[in-house]
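Subject: Structure for you to look at, with notes

Dear colleague,

Here is the structure that I promised to pass on, and my notes come after it. Please read the notes with the model open beside you.

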Amino acid sequence: MMKNKNFLLLAILPIFIVGFILSCKKKDSNSANSDSIIEGQTSILVDESLMPIVEDQAIIFQTDYNAKLTLLPKSEKESLNDLTDKKSGIIVLSRDFNNEEITFFKNNRITPRSTPFAIDAITFIKNTKSNDTLIDLKEVINYLKGTKNSIKGLVFDNPNSSTVSYLCRLAKIESLPSEGVFSFKTNDDVIKYVSENDGMIGVVGINWLTQPKAAMQRYVNSVKILSVKTADNKYVYPSQENIGSRAYPLARVLYIINCQGYNGLGMGFASFIAGEIGQRIITQSGLAPIREPSRNIRIRNQIENKK
């Protein structure tokens, strides 16, 4: 009898050992990757100029799924630095990665997955007391290169922001000039300053104007968006249609880039904002969606009762 018991114990002992090892591996995996595509929690680095639309998306995503997203708004440069320091594996930018950035992640055995989800616009604003409604993009570029003209001053959100880097690339300069250009911390700071100072031209992302916070509404009401003169001598206003068609010269594609290295909330959130619901949120925000969400059309049959 004792011999049979010992035999049974020896027979089932390997099963217990294998089960214990698998259990430990599962725990280690869960502790390393605390999120799945639609569950768990994670942080997302967000270019500060894009915060309003990302906040809108995150609120709905968290309502629909068992997920907690912590948004970390910083300048483009700061966000990229935090990403390479692995403070988060997800980032929202106004551009895709360049070759150098892609190489960095590939060297770390991570292939970045970029998902375009909206078309944004950089806008020029002035105080409503100004008679100006138009601005020549060539004048802005020349001013950034140090040539004095009718522009009294340009106001940016942050010297390390995507707005600054975009216009510096356009003007083919390394950095902003030391005179006639001012920078604060956020887009809200720019809007406030321009609303209180005549003659200054602010440079902000359009979403800060189309969906301002309640406390900012009075400042937004005190500024106006300028139409921009294009290369073919046309003045184009950054309407949703002009942004979507790229007729507006300062339109830019927004991306969410997943560098988590596994199928976590980065992939889930990217799929959400590029999907039907996410694209509807983009449309309602005043930005242009990457693809038009479908429309449900109801056809009513009207029956005439003839007498």
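Predicted model: local features only at pLDDT ≥ 70, side-chain atom pairs only at ≥ 80, totals over all residues.

Residues are numbered from 1 along each chain as its sequence is written, and side-chain values use heavy atoms, with hydrogens and water left out.

The whole chain

The protein chain has twelve helices and 13 strands, where helices (H or I, at least four residues) and strands (E, at least two) are DSSP runs numbered from the N terminus. Of its 307 residues, 46% count as buried; here buried means under 20% relative accessible area, exposed means over 50%, and partly exposed lies in between (1.4 Å probe, protein chains only). Taking the contacts (heavy atoms within 4.5 Å) with a separation of 6 or more, 74% are made by residues 24 or more positions apart.

In helix H5, which spans residues 137-144, the buried residues are Leu 137, Val 140, Ile 141, Tyr 143 and Leu 144. They lie on the same side of H5, because they cover an arc of only 160 degrees around the axis, the arc being that of the directions from the helix axis to the C-beta atoms. These buried residues pack against strands E4 (113-127), E5 (134-136), E6 (154-156), E7 (181-183) and E10 (227-229), and also against helix H6 (162-171). At the start of H5, a side-chain oxygen of Asp 136 comes to within 2.9 Å of the backbone nitrogen of Lys 138, and after the helix comes Gly 146, with a positive phi near 105 degrees.

Helix H3 (residues 76-84) has Glu 76, Ser 79, Leu 80, Asp 82 and Leu 83 as its buried residues. Seen down the axis of H3, they fall within an arc of 160 degrees, so they line one face of the helix. Their cover includes strands E1 (39-47), E2 (66-74) and E3 (90-93), together with helix H4 (99-107) and H6. H3 is followed by Lys 86, which has a positive phi of about 65 degrees although it is not a glycine. Lys 86 sits in the loop between H3 and E3, and at 62% relative accessibility this residue counts as exposed.

Helix H4 begins with a side-chain oxygen of Asn 98 that reaches to within 3.2 Å of the backbone nitrogen of Glu 100, and just after the helix Arg 109 takes a positive phi of about 60 degrees. Phe 104, which is found in H4, is partly exposed, with a relative accessible area of 32%.

The pair H2 and H12

Two packed helices are described by the angle between their axes and the distance between the axes. The axes of helix H2 (residues 51-64) and helix H12 (residues 276-285) come within 10 Å and cross at roughly 145 degrees; axes are lines fitted to C-alpha atoms, for helices over the stretch in contact, and angles run from 0 to 180 degrees between N-to-C directions. On the H2 side the contact is made by Ile 53, Asp 56, Gln 57, Ile 60 and Asp 64, which meet Ile 277, Gly 278, Ile 281, Ile 282 and Ser 285 in H12.

Arg 252 is found in strand E12 (residues 251-258) and counts as buried, at 4% relative accessibility. The side chains of Arg 252 and Ser 94 are joined by a polar contact of 3.4 Å, that is, a pair of N or O atoms within 3.5 Å, of which, within protein, one must be able to donate a hydrogen and the other to accept it, with residues adjacent in sequence counting only if both atoms are side-chain atoms. Not counting residues up to four places away in sequence, Arg 252 touches a set of residues that includes Ser 49, Leu 50, Ile 119, Asp 120 and Tyr 166.

Asp 120, for its part, is in strand E4 and is buried, with a relative accessible area of 2%. Leaving aside neighbours within four places in sequence, the contacts of Asp 120 include Leu 50, Asn 207, Leu 250, Arg 252 and Leu 287.
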